[in-house]
Amino acid sequence: MNGLQAISDWFFGLQIYLPIAEVSLNIVVLLAIGGGVGLLSGLFGVGGGFLMTPLLIFIGVPPAVAVATQSNQVVAASVSGVLAHWSRDNVDFKMGGVLLGGGLLGSSIGVLIFGLLKRFGQIDLVIAIAYVVTLGSIGTVMAIEAVNALRKVRRRQGAPAKLHQHNWAQGLPFKMRFRKSRLYISATLPIAIGFVVGIMSAIMGVGGAFLMVPAMIYLLGMPTSIVIGTSLFQIIFVQAYVTVLQSVQNQTVDLLLAMILTLGGVVGAQFGGRWGARLPAEQLRLLMALVVLAVAGGLLYQLVAMPRELYAVITLGAPR
Amino acid sequence: MRRWIAALLLPVALVMSLPVSAKDIVADLVVHRIEITSGFAGTELTLFGAINEKGDAVAVVRGPTAPGGNLVGDTVEVRRKMRNLGIWMSGAHVRFENVPGFYAIAASRPLEEILTFDMLDRYQLGTAELKLAATEATAPNIADFAAALLRIRQKLGLYSTRVGHISFIGERLFRTSFNFPSTVPTGIYNVEVYLVRDGKIVDAQSFPLLVNRAGFSADIYDFAHRNGAAYGVLAVLTALLFGWIAHLAFRRR
């Protein structure tokens, strides 16, 4: 009993003071959060911001610091993930570059929209609803698709798969050849996807891979194995841009917190990457759909359930 | 070790200084400075003091103060959530001025036994006595918002939940301790001690307490606020390095 007490004292004594967040938190908990989110990041090719931000806020990091710091941590996790995918030749750099072009444009406009919404108040509500709606609909569509795909695989194994689909998008101009993705499509399509995801990610304060990955699979028709590495490649640049922007404008990036999360995150991402390479694509998609739906459900619950504390205190600053 | 010596010598020094000093109450902290370093997880400060004749003692720590030393607190907005179409959203708000970031109090006996309500109110002794002046309100029930502010800050350990105990060693020497959470705001605090006899405050003393960042955590904070762009670039480079090292470390397996 005494030994147990000593171990728990030691565990809960591992506190570290975070200089920008201005709060002291347990280093083991932070490493675990980084590792868990990193695992999902490597597995699905998402940055994990949609999970990391709510988790950090939950353990006591101020929301502004949580949003800004997770962008920085996602850079590290994505680099480690891209290198792992690159070594297996699973990154389409050309496609990543085109998506990035649209993404940077979109996120710049998204920052403007964010400012407008902030002026009207209720920005938190808009963000929460945006999360629930996007995560909920994407999760549902992915889950249905993945279940159908799994059934088909079981029913007629070895059936020849279609190489690519023909649809209205084939008629668009500025056609480009994406060798790695085995696609010959209009460049306007990935640019538009990057643009829309850029806007959403700036407003929601996330990398946006959970929007990007399904769009690449279902709208562009890219092979799932290429999608993850390419999405991670694109995320590095968007999140690096956001990190610098947040540092300049709000001083909300906590370097120490980011380093601890990164330490857990890169290790998790490596395991995730390895594990993901072994799992069948349909199962992977179903798993991701379930994670996305779980987060959407949790956020929806927070919106509709009676809050334990009805009041919130916001310090506006001292009159000096 | 040095702190222990200081703690042991302090009361002796205080007693010896009494005949020279005309003060009826003297007190001091064992340390006058709280340094927020990377290992900071909140702290406890001990206050020692002496009185020259039998009476009650009250001690208060509040802050941070404005640069002039005046006790000017923050402007704080309290928002109440309300239900609309089944969804909880921010509703009415009340804005308070002059709200202290930290408030802790200790006394040798329950406050209401040693001072009248008027006196407690005048000196703002006790968390419930903090004067919260509303400057802007979109709801009529301001008192509910003020109570919520106190309750939330009490839960964070920033305001005393109950009056701490000042214990007397004999009739003259007293001691107590104050707890500071890791979220304690930085700045200069005011420590006040009051000597109470027959329901009157007969003497008082006050001195400052400094709460500041130190070491690595101070360096990071200063860098982030002095040169945001360089800080952001450094953050990105650190992330790139970490990601690359992780890849190298795991490649062989």
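A residue is buried if 20 or more other C-beta atoms lie within 10 Å of its own, exposed if 12 or fewer, and partly exposed in between, with C-beta atoms placed from the backbone. By that count Glu22(A) is buried, with 20 other C-beta atoms within 10 Å. This is a predicted model, so local features need pLDDT of at least 70 and side-chain atom pairs count only at pLDDT 80 or more, while totals for chains, interfaces and linings use all residues. Residues are numbered from 1 along each chain as its sequence is written, and chains are lettered from A and ligands numbered from 1 in the order in which they are written.

**The two chains**

- Chain A has 11 helices and 5 strands; helices (H or I, at least four residues) and strands (E, at least two) are DSSP runs, numbered from the N terminus.
- Chain B comes to 6 helices and 13 strands.
- In chain A, 49% of the 320 residues count as buried, and in chain B it's 32% of 253.
- Two residues are in contact if their C-beta atoms, placed from the backbone, lie within 7 Å.
- For contacts in chain A with a separation of 6 or more, 80% are between residues 24 or more positions apart.
- In chain B, 69% of the contacts between residues at least 6 apart in sequence join residues at least 24 apart.

**Where A meets B**

- The contact takes 48 residues from chain A and 51 residues from chain B.
- On the side of chain B that touches chain A, the elements giving two or more residues are β5 (74-84), β6 (87-99), α4 (142-155), α5 (216-226) and α6 of chain B.
- Out of these, α6(B) gives the most, with 16 residues.
- That side of chain B splits by class into 28 nonpolar, 17 polar and 6 charged residues; Ala, Val, Leu, Ile, Met, Phe, Trp, Tyr, Cys and Pro count as nonpolar, Asp, Glu, Lys and Arg as charged, and the others, Gly among them, as polar.

**One helix pair across the contact**

- Helix α10 (residues 255-278) of chain A packs against helix α6 (residues 228-251) of chain B at an angle of about 25°, with the axes 10 Å apart.
- Axes here are lines fitted to C-alpha atoms, for helices over the stretch in contact, and angles run from 0 to 180 degrees between N-to-C directions.
- α10(A) and α6(B) are therefore roughly parallel to each other; angles under 35 degrees count as roughly parallel, over 145 as roughly antiparallel, 65 to 115 as roughly perpendicular and the rest as oblique.
- From α10(A), the residues that meet α6(B) include Leu255(A), Met259(A), Val266(A) and Gln270(A), and on the α6(B) side Ala239(B), Phe242(B), Gly243(B) and Phe250(B) are among them.
- The residues of this helix contact divide into 10 nonpolar, 4 polar and no charged.

**Cores and a covered helix**

- A nonpolar core is a set of buried Ala, Val, Leu, Ile, Met, Phe, Trp, Tyr and Cys residues joined through C-beta atoms within 7 Å.
- The largest one has 104 residues, and Leu135(A) and Val292(A) touch the most other members.
- Leaving aside neighbours within four places in sequence, Leu135(A) is in contact with Phe50(A), Phe210(A), Val292(A), Val295(A) and Ala296(A).
- A second, separate core has 48 residues, including Ala27(B), Tyr103(B), Leu149(B) and Val211(B).
- Helix α8 (residues 209-220) of chain A is mostly covered, with 9 of its 12 residues buried; Phe210(A), Met212(A) and Ile217(A) are among them.

**Backbone spots to check**

- Glu22(A), in the loop between β1 (15-18) and β2 (23-26) of chain A, has a positive phi near 55° despite being a residue other than glycine.
- Asp89(A), not a glycine either, has a positive phi of about 60° and lies in the loop between α4 (63-87) and α5 (93-119) of chain A.
- Asp89(A) is exposed, with 10 other C-beta atoms within 10 Å.
- The peptide bond from Gly63(B) to Pro64(B) is cis, with omega near -10°.
- Gly63(B) sits in strand β4 (residues 56-65) of chain B and counts as buried, with 24 C-beta neighbours inside 10 Å.
- Gly63(B) and Pro100(B) are 37 residues apart along the chain, yet their C-alpha atoms are separated by 5.7 Å.
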